[in-house]
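Here is a short report to read alongside the model. It starts with terms, moves to the overall chain, and ends with side-chain contacts.

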Amino acid sequence: MTDVHQRLGHIEKLMHVLIDQHEKANNDLESLGQKYKVLKDELAEKSQKIQELEGELRAAKIARGVASGSEDTELAKARISTLVREIDRCIALLNE
């Protein structure tokens, strides 16, 4: 019987070790989930900022191209024409 009790005791110790490891893994998972959410929010903010800066850069390039009379002038004029057409389309849709 002593051998059986020793084995049961050993199994019980292993079970407690597994339970402790499981609880630690759950805590780690929760912590990682929170970090993921924070990083995801930061990424969304950074992406939004990048889009805003790219828009500002496009506007600056267009303005510089029109003002300087450089090779980019034709590109700037084409982009402005495209924007004007899009605005006209939006106005037409609003008037319907």
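## Terms and ground rules

A residue is called buried under 20% relative accessible area, exposed over 50%, and partly exposed in between, using a 1.4 Å probe and protein chains only. By that scale, aspartate 28 is partly exposed, with 34% relative accessibility.

Please keep in mind that this is a predicted model: local features need pLDDT of at least 70, side-chain atom pairs count only at pLDDT 80 or more, and totals for chains, interfaces and linings use all residues. Numbering runs from 1 along each chain as its sequence is written, and side-chain values use heavy atoms, with hydrogens and water left out.

## The chain as a whole

The protein chain has two helices and zero strands; both kinds of element are DSSP runs numbered from the N terminus, with helices being H or I of at least four residues and strands being E of at least two. The radius of gyration is 32 Å, well over the 12 Å that the globule rule gives for 96 residues, so the chain is more spread out than a compact globule. For your own checks, that radius is taken over C-alpha atoms, and the rule is 2.2 Å times the number of residues to the power 0.38.

The C-alpha trace spans about 95 × 40 × 15 Å along its principal axes. Buried residues account for 4% of the 96 residues. The accessible area of the protein chain is about 8,900 Å², with 61% of it supplied by carbon and sulfur atoms; such areas come from the Shrake-Rupley method with a 1.4 Å probe, and for residues only the protein chains shown count as cover.

Side chains of opposite charge can pair when their charged atoms come close. Here a salt bridge means a side-chain nitrogen of Lys or Arg within 4 Å of a carboxyl oxygen of Asp or Glu. How many salt bridges does this rule give? The count is three.

Arginine 7 pairs with aspartate 3 at 3.8 Å, N to O. These two residues sit four apart in helix α1 (residues 2-68), which puts about one helical turn between them. Arginine 7 is exposed at 57% relative accessible area, while aspartate 3 is partly exposed at 43%. Lysine 24 and aspartate 28 form another bridge, with their closest N and O atoms 3.0 Å apart. They too are four residues apart in helix α1, about one helical turn, and lysine 24 is exposed at 52%. Aspartate 41 and lysine 37 meet at 3.3 Å, N to O, and this pair also lies four residues apart in helix α1, about one turn. Lysine 37 is exposed at 52%, and aspartate 41 is partly exposed at 37%.

## A nonpolar patch and the charges

Val4, Leu8 and Ile11 form a nonpolar surface patch with about 280 Å² of accessible area together. Patches are built from residues with over 30% relative accessible area and no salt bridge, joining like charges within 9 Å and nonpolar side chains (Val, Leu, Ile, Met, Phe, Trp, Tyr) within 5 Å. Isoleucine 11 lies in helix α1 and is exposed, at 52%.

Across the protein chain, the mean positions of the 15 positive and 18 negative charges are 4 Å apart. Lys and Arg count as positive, Asp and Glu as negative, and His and the chain ends are not counted; each charge is placed at NZ of Lys, CZ of Arg, CG of Asp or CD of Glu.
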